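Please read them alongside the coordinates.

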Amino acid sequence: MTDAAADLVPPRDKRASSPPAYFSCWDLHAYYGESYIVQGIGFDIREGQILALLGRNGAGKTSTLRTIARVGSPELRHGEIWLDHKPLHQMKSHEAARNGVGLVPEDRRIIPGLTVEENLQLAQIAEPKGWSFERIYDAFPRLGERRRQDGVTLSGGEQQMLAIARALARDVKLLLLDEPYEGLAPVIVQEIEKILKGVRELGITAIIVEQNAVAALQLADRAIILDMGEVVYEGAAKDVLENEDLRHEYLAI
């Protein structure tokens, strides 16, 4: 760890002796086969905060999100993940989803052959349900206008909105967003930022992985920077924006 990063990393409490935060992950080690990807990552988030999870390509950001969502790949071999006092590390992905984890993957995974509304209906097949369709269409008016349109024929920005709305159609407590701004025009990015600010005001906790680090940092309360699967910075998002050496070394901005 460089001096620029070390000066900003606060001393960490001993995890085993402290009660879990609203969200906590402790000493996560995860693998793709024998490839060691997530190497001892741990952090806490207070309820209603947005955390920017940043780093260069290959730093382990998406792998960390997938580990938290319990999707099975990468495989978690050591560590604990807690959300609202529930042990996610003991769950499969569908169990984590029932307990409030909503993953919006980079590829969005809109289901072909289904309309916008049918994609949302599918998200609500199992309890617990989240936002009503009326509430979703109020927050995402473009989706309301296109509710009968095949989801995969939407524009990239509209598909991203649908992917976020689909997560909110569940009773989500932790929203995990992987590259939500990728390939989108600035005006669409601004729309999605507005939606995410509204989500935060409702008290939903979120982790955002984003190559557009400045946009993510301007939205987030806190930031984690990863390098080679390890945490090299943890602190306030505004401190990263103000620390040129740190941004240059780990984010190339």
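1. Helices α4 and α7 cross in the right-handed sense. The residues in contact are Val-116, Asn-119, Leu-120 and Ala-123 on the α4 side, and Leu-162, Ala-165 and Arg-166 on the α7 side. The model is a predicted one.

2. As for the geometry of this pair, the axes of α4 and α7 come within 8 Å, with a crossing angle of roughly 30 degrees. Angles under 35 degrees count as roughly parallel, and α4 and α7 are therefore roughly parallel to each other.

3. Which residues of α4 (residues 116–123) are buried? They are Val-116, Glu-117, Asn-119, Leu-120 and Ala-123. Viewed down the α4 axis, these buried residues fall within an arc of 160 degrees, so they line one face of the helix. They pack against α7 (156–168), and also against α5 (133–139) and α6 (141–145).

4. Turning to the strands, β9 spans residues 222–227, and five of its six residues are buried, so the strand is largely enclosed by the rest of the structure.

5. Strand β9 pairs with β3 (residues 50–54) in the parallel sense, over four bridges. Within this pairing, Ala-223 of β9 is the bridge partner of Ala-52.

6. Strand β9 is also joined to β10 (residues 230–236), here by six bridges and in an antiparallel arrangement. Asp-227 stands opposite Glu-230 of β10. The hairpin of β9 and β10 has two residues between the strands, and Met-228 takes a positive phi near 55 degrees there.

How values were computed. Residues numbered from 1 in each chain as written. Predicted model: local features only at pLDDT ≥ 70, side-chain atom pairs only at ≥ 80, totals over all residues. Heavy atoms only, no water. Buried < 20%, exposed > 50% of the residue type's maximum accessible area, 1.4 Å probe, protein only. Pairing = 2+ DSSP bridges. Arc of directions from axis to C-beta. Contact = heavy atoms within 4.5 Å. Axes fitted to C-alpha atoms, helices over the stretch in contact; angles between N-to-C directions. Parallel < 35°, antiparallel > 145°, perpendicular 65-115°, else oblique. Left-handed = near helix turned anticlockwise from the far one by under 90°.
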